[in-house]
Amino acid sequence: MINVSKLKKGIIIDHIEAGHGFEIYKELHLNDIDDVVVLLKNIPSKKMKQKDLIKIETDIQIDMNVLGLIDPNVTINFVKDGEMYKKITLNLPKVVEGIMKCKNPRCITQHEDVKEIKFFLVNEEKKQYRCEYCDAYTTFMEEE
Amino acid sequence: MLKGRHLIEPGDFQIEEIESIMELADNIITNPKGYSLVCKGKLLASLFYEPSTRTRFSFEAAMLRLGGEIIGFDDPNNSSVSKGESLGDTIRTIECYSDIAVIRHPREGTARLVSKFAKEMPIINAGDGGHEHPTQTLTDLLTIRKYKGGCDNHVVGVCGDLLFGRTIHSLVKTLNRYHGITFIFISPKELKMPENILNQLNPECYQETTNLDEVIGDLDILYMSRVQRERFVSEEEYLRLKDYYILDKKKMKKAKKDMIVMHPLPRVNEIATEVDDDPRAVYFKQAKCGMYIRMALIAKLLGVEEIQ
């Protein structure tokens with residue numbers, strides 16, 4: 001078992017489904033921050049058998065919106081002075097911007113350089129979102 | 001207030017606003033001369049990125065009959081698109097010259113995208129792929145208002161290609177905002193109404209069937225549509241489905257005496273020509289309504305609806 005020292009300040013993203021940790025690392029652009037970031041993969045877990053976990057020692061605010069899309073079951077713990085002071089669980093975001101791409105081959109966004117496309121949640125269970133341009137439904141995992 | 005607004009899909013306007021456009025269309029029909037100069041000095045940019053006769057002519061006729069003028073193209077190969085110019089740049093340039101623009105494009109969502117670049121020039125969506133065709137919807141509503149006395153309380157049969165039929169999607173979503181509308185969707189299984197449209201309807205307000213004969217007697221309005229060759233990847237699939245429904249005199253005998261038959265045109269085989277003389281067939285009158293409603297829309301968006 002590898003030991004990683006206790007976080008003094010920052011964010012712990014826990015209960016990440018095993019294998020999703022690196023995806024979250026990429027989507028949160030953690031490669032771009034200068035603070036300490038630790039990504040742990042395949043940690044034994046009683047509840048999940050195996051899980052991933054990310055620790056970020058930082059003061060900066062991170063947009064967690066995308067996490068709800070990738071893995072809505074994660075837990076986010078906020079740490080200050082070595083103590084956890086806030087814990088949140090996630091829901092699917094109602095609106096997503098700049099993260100997803102439309103899967104409809106006839107959508108204009110597939111043919112013109114369109115940035116920051118908005119998607120609106122239409123079905124939480126199926127993780128379906130509606131494209132603001134063509135209204136076609138796209139599922140988050142499907143569009144990858 | 002509709003002045004300066006875009007029309008990308010019918011949902012952009014409230015029902016009261018749509019009704020006000022239809023009221024203006026009624027006034028224009030009654031007194032066309034009174035409106036023949038309201039757009040004098042105004043320019044309409046007609047940007048047709050795919051072939052269209054009917055829609056383009058009706059927009060251009062509408063602008064000319066209001067006293068305005070037209071610039072534009074009907075073949076993108078004759079525009080800067082052929083040089084690789086982005087849609088955003090094209091629109092920003094055209095806005096320097098025009099007061100209002102009409103755009104038809106084969107890609108879905110194009111009009112919405114373009115409207116984000118136009119700061120002051122109203123954009124009218126004249127069809128974006130299989131997605132929306134709001135001015136056809138306004139045309140259809142004016143036809144229903146004129147020949148059925150209003151848009152509330154009807155059983156509406158929609159028949160043909162419900163999957164790719166953009167006119168149908170726009171019409172269904174808009175009629176659904178009126179009171180007492182029941183839909184009967186009639187299509188082959190391969191061309192059923194898409195899930196994203198059905199999800200917007202109350203499940204008690206529609207039924208789906210493949211059999212036109214069984215339901216024609218229940219309808220107040222029968223909206224026929226063409227199976228569109230250009231939406232199919234497989235020619236074989238198109239040939240198999242194109243003549244799935246043919247409305248003929250025999251079928252019309254089962255229909256109510258005051259049912260109306262509508263069609264966005266062009267027609268191929270789905271309505272036999274023998275039906276044309278039936279007083280219930282209003283599809284050519286519908287085309288005329290298309291020009292008047294576009295006149296009313298242009299006048300409203302330019303804020304020039306007062307008779308001069």
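H1 and H5 of chain B are roughly perpendicular to each other, because angles from 65 to 115 degrees are given that name, whereas those under 35 count as roughly parallel, those over 145 as roughly antiparallel and the rest as oblique. This is a predicted model, in which local features need pLDDT of at least 70 and side-chain atom pairs count only at pLDDT 80 or more, while totals for chains, interfaces and linings use all residues. Residues are numbered from 1 along each chain as its sequence is written, and chains are lettered from A and ligands numbered from 1 in the order in which they are written.

**Helix packing in chain B**

- The axes of H1(B) (residues 15–30) and H5(B) (residues 134–148) come within 10 Å and cross at roughly 65 degrees, with axes being lines fitted to C-alpha atoms, for helices over the stretch in contact, and angles running from 0 to 180 degrees between N-to-C directions.
- Helices (H or I, at least four residues) and strands (E, at least two) are DSSP runs, numbered from the N terminus.
- The crossing of H1(B) and H5(B) is right-handed, a term for the near helix being turned clockwise from the far one by less than a right angle.
- H1(B) contributes B:Ile18, B:Ile21, B:Met22 and B:Ala25 to the contact, and H5(B) contributes B:Leu138, B:Leu141, B:Leu142 and B:Arg145, where contact requires C-beta atoms, placed from the backbone, to lie within 7 Å.
- By class, this contact of H1(B) with H5(B) has seven nonpolar, no polar and one charged residues, with Ala, Val, Leu, Ile, Met, Phe, Trp, Tyr, Cys and Pro counted as nonpolar, Asp, Glu, Lys and Arg as charged, and the others, Gly among them, as polar.

**Domains of chain B**

- Chain B is assigned domain 1 (10–133 + 289–302) and domain 2 (134–287), with bounds that come from an automatic or database domain assignment.
- The centres of these two domains of chain B, taken over C-alpha atoms, are separated by 25 Å, and their contact takes 22 residues from domain 1 and 26 residues from domain 2.
- On the side of domain 1 of chain B that touches domain 2, H1, S4 (123–128) and H11 (283–302) each supply at least two residues, and H11(B) gives the most, with six residues.

**A sheet in chain A**

- Four strands of chain A form an open sheet in the order S6-S7-S8-S9 with antiparallel pairing, where pairing requires at least two bridges found by DSSP.
- S6 (95–97) and S9 (137–139) of chain A stand at the edges with a single partner strand each, so one side of each is left without a neighbour in the sheet.
- Three bridges join S6(A) to the antiparallel S7(A) (residues 118–123), and A:Glu97 has A:Lys118 as its bridge partner in S7(A).

Notes: Two residues are in contact if their C-beta atoms, placed from the backbone, lie within 7 Å.
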